[in-house]
Amino acid sequence: MLLIHPPVVKPCESPAGLAKLAGALRCHGRTCTVVDANLEGLLYLLTDKAVTGAASDTWTRRARNHLQDHLQDLGDWGGYRNRDRYQRSIRDLNRVLEFSTGRKSGTHLTLANYEEKDLSPLRSDDLLAAASLPEANPFYPYFHGRLSGLLEALSPPMIGFSLNFLSQALCTFAMMGFLRREYPSVKLVLGGGLVTSWMSSPNWRNPFSGLVDDMIVGPGEGPLLELLGSGLDHEDCLPDYGDVWKNPYLAPGFILPYSASRGCYWRRCAFCPEKAEGQPYTPIPADRSVSQLQVLVQRYRPALIHLLDNALSPALLNAVIEAPPGAPWYGFARIEEHLGDPEFCRLLKRSGCVMLKLGLESGDQNVLDALSKGISLTRASEVLKTLKKAGIASYVYLLFGTPAESRESAEKTLAFVAEHAHCIDYLNVAVFNLPAWSAEVSSLQTRTFYAGDLSLYLDFIHPLGWDRLRVRHFLDRRFKRHPAIREILLRDPPVFTSNHAPFFSLSSGTSRL
């Protein structure tokens, strides 16, 4: 079987979902090949062979002339010791990608995104249109040759695509359209996080039956094995990164992505998409997770471990402290009591923890309570200060425009962040989107947000008048202009954000093991 990770997402780490599928398939005696078409396709478009014609402006000529230097900088520790050089590399690579599309009107391609003005990934008709004319996709020269070569060499009876983000959808369907036209006997299977969200909608009706043979909701190991004529006998299978770990990802070493659980152990937050989709919390036992991590670290020698859990459980954190994986790591954690304990954080640091992502969301306690976050601002203050003293970077997530927030609440968030700016390393500032089928939708007056039968969100009339336009105005004119907050925002790595942020700590030597 052929497993494909399609463009476009950040090309800095291997596809975790496909590594898990490959491990399960091989563990059960099935052969498979994993192809990171995202990385391969982006590198193809960045090469001089793919980019024809002379650049008409100085910036593009300079970016193309220094292409290899920029790729080398992002793949070497030295590139993370100079933020200006790092940012220039990102800007220039994006410039080359823009030029590679021929500046086609309405096409937007970067290292992390792909959009077309006339085709929306939220409309099934547009996705089918992309499939009907794969030659129009900028990655067509790449995947035409690559997929043809793979099918001729391997003759796979089945090809699986892992579609997790909207930025991958148009390219995924263009690739499937090419395969359906040129290799009609090959079975096409579609799964991944975005597909699971689509299929979890109470209004789901499969519009792709003429193109896709099977669609998988949720974990794919069992369904794939069933399609191949067997069953999932046991789940204790290591992820297998063997096909991709030596790929030239844009990172100073291999990033090992690993999930110790599916779902979230808290599961009480209002407007939680996973709760609305009915996704249960299913953890791997903590001792098994750390044992697997140690084996994977020995096998692949990663520069960094990315723990993908929605929230790292206290049990897992304690297990990592007791049995460190042997490489630096980071992940998402809830703001809870154990992270306010100086000794616990010191041990966490010693286990290899470089950075923790923290979902604070708001600096107004009333908003946090209304959202059932289970967070106290007193605890949050304590955690931020304790992590800072322990030498663990914090990447704090804020969410503006929730139904419980007002302008006054947003001002309180600004005040909290400004007061704690000395112990916040990075910020993610987002505007709230209302999940289309969350339980709380019934209490709001809603309207269409993004037109399309595959849209996952709704717009709503804010009960306090704090609409998106006012929120964005506040963020642009007030929040982001505060001197202390602006300084934090300027540290955020462009495009790669939290995926590259740990490398800046590691490259400085302050967080090296």
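This is a predicted model: local features need pLDDT of at least 70, side-chain atom pairs count only at pLDDT 80 or more; totals for chains, interfaces and linings use all residues.

Q: Ok. How does the lining of the second largest pocket split by class?
A: It has 8 nonpolar, 4 polar and 2 charged residues.

Q: And which residues lie nearest its centre?
A: Ser-201, Asn-203, Trp-437, Asp-453 and Ser-455, out of 14 lining residues.

Q: How much space is in there?
A: About 230 Å³ lies in the second largest pocket.

Q: Switching to strands. What is the order in the open sheet with E16?
A: The order is E16-E18-E17, 3 strands with antiparallel pairing. Strands E16 (434-435) and E17 (446-448) stand at the edges with a single partner strand each, so one side of each has no neighbour in the sheet.

Q: How many bridges join E16 to E18?
A: 2 bridges, and the two strands run antiparallel; E18 covers residues 457-460. Pro-435 has Tyr-457 in E18 as its bridge partner.

Q: Now helices. At what angle do H3 and H5 cross?
A: Roughly 110°, with the axes coming within 9 Å; H3 is residues 58-65 and H5 is residues 83-100. Angles of 65 to 115 degrees count as roughly perpendicular, so H3 is roughly perpendicular to H5.

Q: Which residues make the contact?
A: From H3, Trp-59, Thr-60, Arg-62, Ala-63 and Arg-64; from H5, Arg-91, Asp-92, Arg-95, Val-96 and Phe-99.

Q: And by class?
A: The contact of H3 with H5 has 4 nonpolar, 1 polar and 5 charged residues.

Terms used: Residues are numbered from 1 along each chain as its sequence is written. Side-chain values use heavy atoms; hydrogens and water are left out. On a 1 Å grid over the protein atoms alone, a cavity is a set of points where a 1.4 Å probe fits but cannot get out, and a pocket is an open set with protein on both sides within 12 Å along at least five of seven lines; lining residues have an atom within 4 Å of a point. Grid points are joined across faces, edges and corners, and a volume is the space filled by probe spheres set on the points. Ala, Val, Leu, Ile, Met, Phe, Trp, Tyr, Cys and Pro count as nonpolar, Asp, Glu, Lys and Arg as charged, and the others, Gly among them, as polar. Two strands pair if DSSP finds at least two bridges between them. Helices (H or I, at least four residues) and strands (E, at least two) are DSSP runs, numbered from the N terminus. Axes are lines fitted to C-alpha atoms, for helices over the stretch in contact, and angles run from 0 to 180 degrees between N-to-C directions. Angles under 35 degrees count as roughly parallel, over 145 as roughly antiparallel, 65 to 115 as roughly perpendicular and the rest as oblique. Contact means heavy atoms within 4.5 Å.
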